[in-house]
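Visitor: I have a model open and would like to know what stands behind the words used for it. Could you take me through them?

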Amino acid sequence: MNIGTLIEGRASSDIISVEVGQTVRDAVRILADKRIGALPVLEQGRVAGIFSERDVIHRLAEEGQSCLDSRVGDVMTSPAITVERTTLIDDALALMTRRRIRHLPVIESEAMCGFISIGDLVKSRFDEVQHEAEALRDYITHA
């Protein structure tokens, strides 16, 4: 299965994001209000980076609360590591593991069409394994 199948039915307009010029304080408020761990950061409609709770923690440790008045563009992780709709779920999982990241923007024709988390991928893979196990049980039972 590929990423396109996973994000099918999700509207790209539902993706919660921030702009590079917004403050870290605003982005932290969005993370807290939405109970999410990361946001894609956009600049002129394109993905410029990822802003995550890890970025906040590192900056707070280095600068203290004054970092909350910084621009997201100065704090985000950049460049963003991205995938395409055609990327296989197992390949995306391997990429996340190798790069030690938990979120990936999905890009199509240079525009973001989705945003996935490692939880999305693990759930998808788990569902696939469950389906395979059920098919094997049915085969054994009816063979």
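Visitor: Which exposed residues does the face of H5 turned away from its buried side carry?

Guide: That face of H5 carries Thr97 and Arg98. Before we go on, this is a predicted model, in which local features need pLDDT of at least 70 and side-chain atom pairs count only at pLDDT 80 or more, while totals for chains, interfaces and linings use all residues. Residues are numbered from 1 along each chain as its sequence is written, and side-chain values use heavy atoms, with hydrogens and water left out.

Visitor: What makes a residue "exposed" or "buried"?

Guide: Exposed means over 50% relative accessible area, buried means under 20%, and partly exposed is in between, with a 1.4 Å probe and protein chains only. In H5 (residues 89-99), Ile89, Ala92, Leu93, Leu95 and Met96 are buried, so each of them is under the 20% cut-off.

Visitor: What do the buried residues of H5 pack against?

Guide: They pack against helix H1 (3-7), strand S4 (83-84), strand S5 (103-108), strand S6 (111-117) and helix H6 (118-142). A contact here means heavy atoms within 4.5 Å. After H5 comes Arg100, with a positive phi near 60°.

Visitor: Why do the buried residues of H2 line one face of the helix?

Guide: The buried residues of H2 (residues 24-34) are Val24, Ala27 and Leu31. Seen down the axis of H2, they fall within an arc of 65°, so they line one face. An α-helix has 3.6 residues a turn, so residues three or four places apart point the same way. On the other side of H2, Ala32 and Asp33 are exposed. The cover over the buried residues of H2 includes strands S1 (18-19), S2 (38-43) and S3 (46-52), together with helices H3 (53-63) and H4 (72-75). Arg35 follows H2 and has a positive phi, near 55°.

Visitor: How do you know that S2 and S3 pair?

Guide: Two strands pair if DSSP finds at least two bridges between them. S2 and S3 have six bridges, in the antiparallel sense, so they meet that definition. Leu42 stands opposite Val47 in S3, and Leu39 stands opposite Phe51 in S3. The hairpin of these strands has two residues between them, and Gln44 takes a positive phi near 50°.

Visitor: Why do S1 and S3 count as the edges of their sheet?

Guide: Three strands form an open sheet in the order S1-S2-S3, with mixed pairing. S1 and S3 each have a single partner strand, so one side of each is left without a neighbour in the sheet.

Visitor: What makes S3 "largely enclosed" by the rest of the structure?

Guide: Five of the seven residues of S3 are buried, so the strand is largely enclosed.

Visitor: How many helices and strands does the protein have, and what counts as one?

Guide: There are six helices and six strands. Both are DSSP runs numbered from the N terminus: helices are H or I with at least four residues, and strands are E with at least two. Along the sequence, the pattern is α-β-α-β-β-α-α-β-α-β-β-α.

Definitions and conventions: The arc is that of the directions from the helix axis to the C-beta atoms.
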